[in-house]
Amino acid sequence: MSDDANADAGAAANTAETATATDTDEAATVSVDSLGKTYASDRRTVEALSGVEFAVADGEFVCIVGPSGCGKTTLFRIIAGLEAATTGAVTLDGSPVTGPGTDRGMVFQEYGLFPWRTVSENVAFGLEEQGVEEPARSERVTEMLELVGLDGFADAYPKELSGGMKQRVGIARALAVDPELLLMDEPFGAVDAQTRDMLHGELLDIWAETDKTVLFVTHDVEEAVTLADRVVVMAANPGRVREIVSVDIDRPRERTEGEFAEYVERIRGLIGE
Amino acid sequence: MSNDEVGAGVTLSETEADERLLDRLAGFSSEQTGLAVAGFAGFLAVWYVAALFQPTYLLPSPVEVLAAFVVELTAPASLSIPFTGVELPATRLLVKLVQSLYHYVPGLLIGTSLGVFAGVAMGWNTRVDSVFTPVTRLLRPIPPLAWIGFAVIWLGVNHQGATFIVAIGSFWINFYSAYGGVEGVSEDLKEVAATLGVGDDWTMIRKVVIPAASPSIMTGIRTSIGQCWMIVVAAELIVGVGVGYEILNTAQNLAMDVSVAYMLVISIVFLVSDGLFRRVERRVLEWRA
């Protein structure tokens with residue numbers, strides 16, 4: 001398959017240079033093909049997404065950024081299987097996404113923890129559904145809690161945790177069922193700046209340790225440049241891919257580096273135009 | 001990860017819990033308790049003084065009521081166990097209370113289970129909701145006691161009749177609290193569960209919807225525990241057994257002191273059952289912020 005050909009056919013907006021996308025062809029985990037989403041009500045129709053086209057390689061960390069109203073959350077929900085596309089398709093390892101599934105681990109901005117379950121019970125939820133029996137289940141939960149640095153909080157209820165800790169539980173819960181892809185929708189939007197910086201470092205460590213593919217939605221350009229291998233920049237009205245920027249800076253990335261600032265400027269420029 | 005941050009979450013909540021406990025102890029031991037005692041003593045004093053100038057059949061004094069209470073509590077009577085023919089030695093008050101419990105407990109259990117079941121079903125499934133909403137709107141405004149005629153014709157002047165009335169009362173309370181609770185369950189939590197592998201309605205209801213709606217369901221159960229004591233008294237006036245009937249029966253014989261003593265019984269059983277359920281509720285909803 002040729003991404004470039006599809007991209008050209010898919011959207012006029014997607015005329016920007018997408019050479020960086022082609023190197024994902026061999027092991028594309030996620031493939032978004034001429035995706036469109038239209039919301040129709042009695043009075044009018046709104047085109048939320050039009051001709052969205054990109055691929056994410058196995059083990060890659062991709063961020064999606066864009067102005068509000070560019071449909072990034074809609075895109076996220078379609079990839080998650082929580083909403084259906086109007087046109088086009090999302091495929092995961094070659095099979096089309098038709099609904100939610102444990103091959104995609106989801107992390108939400110508002111954490112989405114089950115308040116009546118303790119930390120370890122939250123992490124165990126997906127394992128229970130998969131029929132993982134004890135003691136394997138508890139072992140997996142312990143392993144995940146160690147991964148996110150929450151061992152010792154297994155029996156705490158979510159109400160007892162800070163925002164950063166809640167999101168660590170969210171990540172542990174999503175990873176427990178061993179998904180192909182980690183899908184994150186502005187996961188650190190509700191935590192303070194200091195905690196967010198810390199969580200960025202932890203997420204990159206977890207990513208390196210688990211070899212997961214990560215698709216991360218954010219409106220924060222600096223966050224995207226800090227984390228991503230590639231940044232999918234979206235534009236609004238209708239929501240479409242404006243450009244895909246490959247971030248070629250070694251990790252860990254310092255925000256004070258000139259190169260970092262250049263990337264941020266460039267992406268901001270793309271969003272602002 | 002920073003230890004400071006980790007520490008913050010837990011220390012805070014522990015401190016909060018401690019403070020809440022201290023508040024409660026402090027509040028109860030000093031000013032609030034004092035005021036509560038004073039208020040209650042004032043009530044008894046006004047009652048006592050007012051009763052001095054009235055005959056007992058118009059207004060019994062607190063002392064007379066207490067005396068009547070003790071008499072009823074100790075006067076021997078025999079308690080017959082339904083369906084068995086067994087007679088047990090007991091006291092008058094105990095016999096009346098057990099008679100009331102015969103229809104209070106089954107009525108509450110039946111009404112609560114059916115109410116929660118119907119509320120969850122309608123709150124969960126929009127089609128079930130659409131089908132039954134008109135009927136519920138039509139039946140809801142009818143007071144439970146209005147069904148007394150049917151209770152008597154269908155079930156007779158006995159325990160079953162009163163049970164039926166109590167069940168209707170607790171059904172509506174629990175129906176609306178369960179319905180509201182289920183409707184209020186956040187879409188986010190259901191979506192999270194779906195992405196974690198929950199594929200069928202029954203699992204979703206069992207593992208997400210009911211726990212998420214449990215605070216509302218528990219409030220409904222607690223409300224019905226209280227309301228049903230009031231309904232039971234009213235139902236018993238007609239079916240002629242239990243504490244409720246005794247309140248009316250003694251009053252018709254102008255034994256107002258005994259009548260008020262039985263009113264006191266209702267207050268006591270209400271306070272005890274409400275207190276016990278509050279403890280259960282606190283344990284079950286321990287996770288709540």
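This is a predicted model: local features need pLDDT of at least 70, side-chain atom pairs count only at pLDDT 80 or more; totals for chains, interfaces and linings use all residues.

Visitor: Nice. How many helices and strands does chain B have?

Guide: Chain B has eleven helices and two strands. Along the sequence the order is α-α-α-β-β-α-α-α-α-α-α-α-α.

Visitor: What share of chain B is buried?

Guide: Of the 289 residues in chain B, 31% are buried. As for contacts in chain B with a separation of 6 or more, 67% come from residues 24 or more positions apart.

Visitor: Let's zoom in on helix α11 of chain B. How far does it reach from its first C-alpha to its last?

Guide: Helix α11 of chain B, residues 256-284, reaches 42 Å with its 29 residues. That is close to the 42 Å expected at 1.5 Å a residue.

Visitor: Which residues are buried in α11(B)?

Guide: They are Met256(B), Asp257(B), Val258(B), Ser259(B), Val260(B), Ala261(B), Tyr262(B) and Val265(B).

Visitor: And what covers the buried residues of α11(B)?

Guide: The cover includes three helices of chain B: α3 (62-74), α4 (92-124) and α10 (242-252).

Visitor: Switching to the strands, where is Ala77(B) placed?

Guide: Ala77(B) sits in strand β1 of chain B, which runs over residues 76-81.

Visitor: Why is Ala77(B) called partly exposed?

Guide: Because it has 14 other C-beta atoms within 10 Å. The cut-offs are 20 or more for buried and 12 or fewer for exposed, so a count in between is partly exposed.

Visitor: Which residues is Ala77(B) in contact with, leaving aside its neighbours within four places in sequence?

Guide: Ala90(B), Thr91(B), Arg92(B) and Val95(B). By contrast, take Glu31(B), which is 46 residues from Ala77(B) along the chain: their C-alpha atoms are separated by 44 Å.

Visitor: Now the two chains together. How many residues does the contact take from chain B and from chain A?

Guide: The contact takes 20 residues from chain B and 29 residues from chain A. On the chain B side, the elements giving two or more residues are α1 (3-29) and α8 (187-195). By class, that side has twelve nonpolar, five polar and three charged residues.

Visitor: Last topic: what domains does the assignment give for chain A?

Guide: Domain 1 of chain A covers 3-103 + 180-272, and domain 2 covers 110-178. Their C-alpha centres lie 26 Å apart. Eleven residues of domain 1 and twelve residues of domain 2 of chain A take part in the contact.

Visitor: Which helix gives the largest share of the domain 1 side?

Guide: Helix α7 of chain A, residues 193-210, with five residues. The domain 1 side as a whole has seven nonpolar, three polar and one charged residues.

Technical notes. Residues are numbered from 1 along each chain as its sequence is written. Chains are lettered from A and ligands numbered from 1 in the order in which they are written. Domain bounds come from an automatic or database domain assignment. Two residues are in contact if their C-beta atoms, placed from the backbone, lie within 7 Å. Helices (H or I, at least four residues) and strands (E, at least two) are DSSP runs, numbered from the N terminus. Ala, Val, Leu, Ile, Met, Phe, Trp, Tyr, Cys and Pro count as nonpolar, Asp, Glu, Lys and Arg as charged, and the others, Gly among them, as polar. The expected span of a helix is 1.5 Å times one less than its number of residues.
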